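Look through the sequence and the structure below.

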Amino acid sequence: MANLILILGDQLTRDINALENADRDRDLVVMAEVHDEASYTNHHKKKIVLLFSAMRHFARQLESDGWQVHYQAYHPDNQHQSLEAVVGEQVKRLNAEKVITTECGEWRLHEQISGWHERLGVPVEIRPDTRFIASKQEFADWAEGRKQLRMEFFYREMRRKTGLLMTSEGEPEGGQWNFDADNRKKWTGKPPAPAPFRIEPDAITRDVIGLVDEHFGDHFGTTGDFHFAVTAEDAEAALEHFIDFALPCFGDYQDAISDTEDWLFHSILSPYINSGLLDPVTVCEAAAQAWYSGRAPINAVEGFIRQILGWREFVRGIYWMNMPGYAQENRLGNTRALPWFYWTGDTRMRCMHKAIDATRRNAYAHHIQRLMVTGNFALLAGIKPEEICDWYLAVYADAYDWVELPNVLGMVMHADGGYLGSKPYAASGKYIQRMSDHCANCHYKVNKSTESDACPFNALYWHFIDRHRDDFAKNPRMGMMYRNWDKQKPEKREALLQRAENLIANIEKL
């Protein structure tokens, strides 16, 4: 009897575990574009185009490799609107002995698939996702008994395990593990930012763009100027482009924000790594080789590898070790709804407008825009964690629940009480001024704090500090902030709090 092999939209690699030891002559590969997965949140139009086109290209590749493939293309009137329905019909048609799939990246879907054996009446084998460097169990074993989980220590274990940027004596290359302190320069226009990597849409992608424009017209974002890679070959070309043109300056300017450049020196490879078009270890090895061959400095290469080998692996471990309860965390007691301008960009705050507008156009913004602009504002304003988490999941092409939820709920919103991060990433407008040129073009004045035209981040920052004194006053990394707050004259503190209350009351008008 034959097996049914399900491949999901973020598993687009020939090396996916579900294909291991499969029989091309007998087994059936099933892939499906279904309404339930495309519409459970307001996915960015470019995100849907990227995944549907990449899935179609991958299915064709499998067929050319000799696999039997059943592929359901999206239509709103499809008989089967869920993965379970598609798989169930093919199980009956094939009289399948069992269903084989690779563990998915979302608790919601994992729970569904875990019940298929009962509802479909066939065994379901869920294999581990070997594309990650640490298995779920390996991370859980590392975390056991630790009072606090810190990425830096886990990252060092991953460096040792892979040998990436390690000497033959077992020491880190360059004499230190982490060069983050060297990666905080403000970009002033020089050196010039490279043009982003582009792939012009082929016939398959153009068909998908038309489909998304027709059937997902009310979703966030635009399909215009779509230039993502949708095949492994083109994703590898994007990696080479990054190594050659952007990596040498990535380290210095990875935290910089520009009023005129969307991409700067960032790799834009996360959509490909997270969907399976690029292998994370291969990407890290390519970056490491650039340092060994003298094409990129150590601070750039280490900082880039740390994002993949460190944060990416760390947040995945956090997610699977703590779900489903983790998604409900709201330790700071936030109750405010997400402002509508997160969907429109219609705000006079220049940094927020630019970050949201870039997100709307590109389905992308880099990590500092996400953490210290849109995320920082949500933290200071007390936005409900579930609403800001859903926004991040919807609007970014690289966003999947396993990576988005810990980053936003834990790192951005500090809603897990410090489980993921040792301090909240809260900052006034001065941080944005230090790392960007937005403030010079803003309606608000970053050097003012209580006036009607003062930067909203300034008063909101002190309001956050004041209202969460019980949460953070004893945090050793926050003590200086409370000393600074307490040193201010009572009338200044009152003016700041009143300004913040007014901002919060009129949040949709900012």
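Where is the place of proline 324? Proline 324 lies in the loop between helix H13 (298–322) and helix H14 (341–344); helices here are DSSP runs of H or I with at least four residues, numbered from the N terminus. The model is predicted: local features need pLDDT of at least 70, side-chain atom pairs count only at pLDDT 80 or more, and totals for chains, interfaces and linings use all residues. Residues are numbered from 1 along each chain as its sequence is written, and side-chain values use heavy atoms, with hydrogens and water left out.

A cis peptide bond, with omega about 5°, links methionine 323 to proline 324. Another cis peptide bond joins lysine 190 and proline 191, with omega about -5°. Proline 191 sits in the loop between helix H7 (151–162) and helix H8 (203–215). Most residues other than glycine have a negative phi, and most peptide bonds are trans.

The loop between helix H10 (247–253) and helix H11 (270–275) holds leucine 264, whose phi is positive, about 50°. Leucine 264 is buried at a relative accessible area of 3%; buried means under 20% relative accessible area, exposed over 50%, and partly exposed in between, with a 1.4 Å probe and protein chains only. Isoleucine 268 is in the loop between H10 and H11 and has a positive phi near 55°.

Helix H23 covers residues 490–505. Its buried residues are Leu496, Leu497, Arg499, Ala500, Leu503 and Ile504. Seen down the axis of H23, they fall within an arc of 160° (taken from the directions from the helix axis to the C-beta atoms), so they line one face of the helix. On the other side of H23, Pro490, Glu491 and Ala505 are exposed.

Terms used: Helices (H or I, at least four residues) and strands (E, at least two) are DSSP runs, numbered from the N terminus. The expected span of a helix is 1.5 Å times one less than its number of residues.
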